[in-house]
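Open the structure in your viewer and keep the selection tool at hand.

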Amino acid sequence: MSISAMTTGKFDVLTGTTIKGPGFQWGDLYRKLPSNVLPVYSTDGAAVDVPVPATFFYLMLMNIGVYSLLTWYLDKVIPDEYGRRYAPYFFLTPSYWGFGGNESTALNEFIDNNLPLGDREEFRVLDEDEDVAEERKRAFDRDLHVPMRIGNLRKVYRNNWFGTSKLDKVAVRSLCLTLEEGKLFALLGQNGAGKSTTMSCLSGLTPPTAGDAICFGASVTKNMDKIRSQMGICPQHDILFDSLTPVEHIELFGGLKNLSRAEIKKVTDERLEAVKLTKVKDHHSSTFSGGMKRRLSVVISTIGDPAIVFLDEPTTGMDPVNRRHVWSFLEEFKKGRIVVLTTHSMYEADILGDQIGIMVRGRMRALGSGIRLKNKFGAGYQVALTCTSSEKIARAKALVAREIPEAELQDDSAGSLMYRMPNSVTSKIPAFVKVLEGPEGKAIIESWGLSQTTLEEVFLKLIREATD
Ligand SMILES: Nc1ncnc2c1ncn2[C@@H]1O[C@H](COP(=O)(O)OP(=O)(O)OP(=O)(O)O)[C@@H](O)[C@H]1O
């Protein structure tokens, strides 16, 4: 008979639910039951000495303790979809209990455990872009001082529990990255590129299959609890309560983060105003449009002034005016913090991102500032010239041929000339502009315009290359 059944059975009897009697009093806890109340006999017919009721209470308390411990342990070792999987011996490791080493020990452990993964077949990346490869080295550079590093992060969604299969989905391949304070990192990619999975692994929502990230000296796979207190998340889907107002949401999440009344009021006054939600601060969120809900989610992610904030497509569904308010807010908010943002808007990435990463099929394909990416992967500059006569057109052609022989004439129709210039001539452009705007240019050219390759063109080019 299990301990549980025995204790509940005896408890039933003793509390008088199965026998008629005066009922069970607290005073009876340590008193033996009179032998005429439910006598108990062994199989050979001898009367059994029933222990005092308190014994059964203690057994039940022990049951609660054992089952609670078992639930806690199994929850760590066999987590659900969004839980973090700990090693079976996790409770023996000092790091789990918040001991065991300072930042440099954690960094050494991170490098020693994750750098060797790069030698394994499934982590090897062929034809890696030089900037991405350089970043891979930086992620494991012991002398570099950065608040966050990601090392050989890999996430595979298994098709079944019993091992690998061809149907497994490798959502993130072998991601290495360093993130700096005061900078916003914009992650770009098509649907299914692995952006949200990366965010989920870094924010502890889902455990990586391999690899790790270290944030302010704490490992994402070993010490997430330490990081969580310094982290804010705006998930892709709003997690709001229909019957709460923005103020109540801030009070709720502020309370969970132990904010004082004054701090909660500050967030309410300043941040709701920054994203233009002050007028509706006392309206239920069920009455909000998609864009308003996103703005509230962005504010919620900043509660408690976290040192690192993950924003998964924060401006989806926002009109251009309100999007700009959020951009201004983030520009200000990123100071002294790490902000990681995913977006489908090239324009947003170009404007907000100090660093931009382009992910294709779980792999980081390109990395750098917007200007760097455009110069490196873009087709260059486009110059459009308008002239009023065929004689002027001929002189304009001669002028361009003299100043920038690399310029390639793409279109010559109806008085306008369209040139494409490679990025290699970037340094010559100021001189070229000077000529166009000087007496020589003015004599022949009616108007002119210069435009650089957009980030969108870069993005499309990288996607095309990866899928060819
Ligand atoms: N829970 C899951 N189980 C199985 N496969 C998943 C799971 N979550 C994501 N995937 C797969 O992993 C890949 C990466 O998905 P992820 O959501 O990270 O992409 P994303 O770049 O964020 O896309 P989007 O821009 O649409 O949000 C996709 O192919 C997706 O189908």
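Start at the ligand and select helix α5 (195-202), which gives the most to the shell around the ligand, with three residues. Helices (H or I, at least four residues) and strands (E, at least two) are DSSP runs, numbered from the N terminus. This is a predicted model: local features need pLDDT of at least 70, side-chain atom pairs count only at pLDDT 80 or more, and totals for chains, interfaces and linings use all residues. Residues are numbered from 1 along each chain, as the sequence is written.

Among the residues surrounding the ligand are Tyr 157, Lys 169, Lys 195 and Gln 236; to be near, a residue needs its C-beta atom, placed from the backbone, within 6 Å of the molecule.

Next, select α7 (residues 246-256) and α8 (residues 261-274). How do they cross? Their axes come within 10 Å and cross at roughly 135 degrees. Axes are lines fitted to C-alpha atoms, for helices over the stretch in contact, and angles run from 0 to 180 degrees between N-to-C directions.

Last stop: the open sheet of four strands, in the order β12-β13-β11-β14 with antiparallel pairing; strands pair if DSSP finds at least two bridges between them. Its edge strands, β12 (408-413) and β14 (447-452), each pair on one side only. Zoom in on β11 (residues 381-386) and β13 (residues 416-421), which pair over six bridges. Which residue of β13 is the bridge partner of Leu 385? Pick Leu 417.
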